[in-house]
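Please read the numbered points beside the model.

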Amino acid sequence: MKIAIFGVSGFLGTKLKEEFEKEDHRICGGDLNKDLKFKVDATNSKKVSRFLNKEKPDFIIDTIGLTSSLECEKDPKRALLLNYKTAKNIALWANKMNIPLVFMSSSYVFDGLGGDYSEEDSPKPLNEYGKTKVMAEKEVLKLKKGIVIRVDIMYGFNGFDKPNGVFQKILKNEEIEINHPEQIRQPVFVDDLPKIILNLVKNERGIFNIAGPDKVSMINFMRLLEGAVRDKTLIRETSKKDLVEIPKNSTLSISKINLLGLKTTSLRQAINSIKNQINSE
Ligand SMILES: NC(=O)c1ccc[n+]([C@@H]2O[C@H](COP(=O)([O-])OP(=O)(O)OC[C@H]3O[C@@H](n4cnc5c(N)ncnc54)[C@H](OP(=O)(O)O)[C@@H]3O)[C@@H](O)[C@H]2O)c1
């Protein structure tokens with residue numbers, strides 16, 4: 001299959017490309033990165049159209065995002081542009097070409113008062129990041145072949161010289177401050193995403209939560225990740241004044257994907273895999 005990945009050189013995009021290529025799928029990437037063969041600014045609808053018409057992919061995965069809640073709060077216009085406008089542009093052309101579009105959303109579409117959110121629960125975002133994700137979801141869900149994937153926090157290792165999401169600072173031996181140590185999270189191993197996405201694209205449409213089987217506080221999650229690379233902790237709990245409101249409990253029910261026979265990796269197993277991946281670098 002030929003797969004277009006928007007945001008192909010980001011954290012998730014890098015993993016998707018690597019895993020899909022192992023299975024002999026052809027990848028065309030849309031990104032801002034100048035080194036890429038296909039540079040596409042998805043804020044520009046004409047450029048998206050030109051790219052897709054030339055490449056004619058079988059389906060599209062949109063991983064573009066302004067992922068920092070704080071950045072979104074500081075610059076709501078940029079949040080709207082990168083989280084909503086890009087998705088709207090891509091959805092328009094996916095619809096015209098009548099091909100599936102997978103859009104990456106977030107558990108931050110919820111207010112976090114309850115947790116364990118199902119695909120049926122109504123979004124109630126607390127911040128600009130969540131609000132712009134909800135707007136984008138609506139564009140994708142209008143499509144006959146739209147798939148919205150909600151994840152809480154993704155983690156994993158792409159290689160020292162590649163983007164590694166939340167793991168990056170740990171790998172660089174940098175100090176990390178955690179302002180909401182008690183926040184309840186449900187991390188998902190990024191290596192689980194390629195297989196699950198391919199499965200969903202075959203037959204499924206609509207919203208799907210993808211999360212690991214373990215719920216854990218933010219501080220314990222970060223310490224577990226840190227334990228994969230060092231003994232001494234460089235993580236500190238802080239209680240700085242909040243500049244952005246975030247959900248206290250951003251956990252997701254995964255019974256819908258489990259009923260489809262799709263399972264995710266436990267934190268313990270994933271950390272062992274990450275250790276092996278790092279050792280074989
Ligand atoms: N990481 C998480 O834990 C997490 C949790 C919940 C939801 N999500 C969602 O999952 C998706 C993937 O996350 P991620 O961590 O892989 O993000 P990421 O590493 O920041 O990757 C985003 C990619 O989008 C590209 N991009 C930005 N603006 C663009 C534009 N105008 N046109 C084309 N490409 C553009 C970026 O390219 P440049 O680098 O060249 O700017 C980057 O490659 C995002 O939508 C995010 O909101 C992530």
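**Note on the predicted model**

1. Lys-46 is placed in helix α2 (residues 45-55); helices here are DSSP runs of H or I with at least four residues, strands are E runs with at least two, and both are numbered from the N terminus. Lys-46 is exposed, at a relative accessible area of 63%. The terms are buried for under 20% relative accessible area, exposed for over 50%, and partly exposed in between, with a 1.4 Å probe and protein chains only.

2. The model is a predicted one, in which local features need pLDDT of at least 70 and side-chain atom pairs pLDDT 80 or more, while totals for chains, interfaces and linings use all residues. Residues are numbered from 1 along each chain as its sequence is written, and side-chain values use heavy atoms, without hydrogens and water.

3. The structure contains 16 salt bridges, each defined as a side-chain nitrogen of Lys or Arg within 4 Å of a carboxyl oxygen of Asp or Glu. One of them joins Glu-55 to Lys-2, with the closest N and O atoms 2.7 Å apart. This pair links distant parts of the chain, as Glu-55 belongs to helix α2 and Lys-2 to strand β1 (residues 2-6), 53 residues apart. Both Glu-55 and Lys-2 are buried.

4. Two further salt bridges lie within helices. Glu-19 and Lys-22 have their closest N and O atoms 2.9 Å apart; both residues are in helix α1 (residues 11-22), separated by three residues, about one turn of the helix. Lys-22 is exposed, with a relative accessible area of 57%. Lys-131 pairs with Glu-128 at 3.9 Å between the closest N and O atoms, and both are in helix α5, again three residues apart. Lys-131 counts as partly exposed, at 38% relative accessibility.

5. Which residues make up the aromatic cluster that includes Tyr-155? Tyr-155, Phe-189 and Phe-221 form it. The count of aromatic pairs is six, where rings of Phe, Tyr and Trp (its six-membered ring) pair if their centres lie within 6.5 Å, and planes under 30 degrees apart are stacked, over 60 edge-to-face and the rest tilted. The rings of Tyr-155 and Phe-221 are edge-to-face because their planes stand at 75 degrees, with centres 5.4 Å apart. Tyr-155 is in strand β6 (residues 154-155) and Phe-221 in helix α8 (residues 218-227), so the pair ties together parts 66 residues apart in sequence. Tyr-155 and Phe-221 are both buried.
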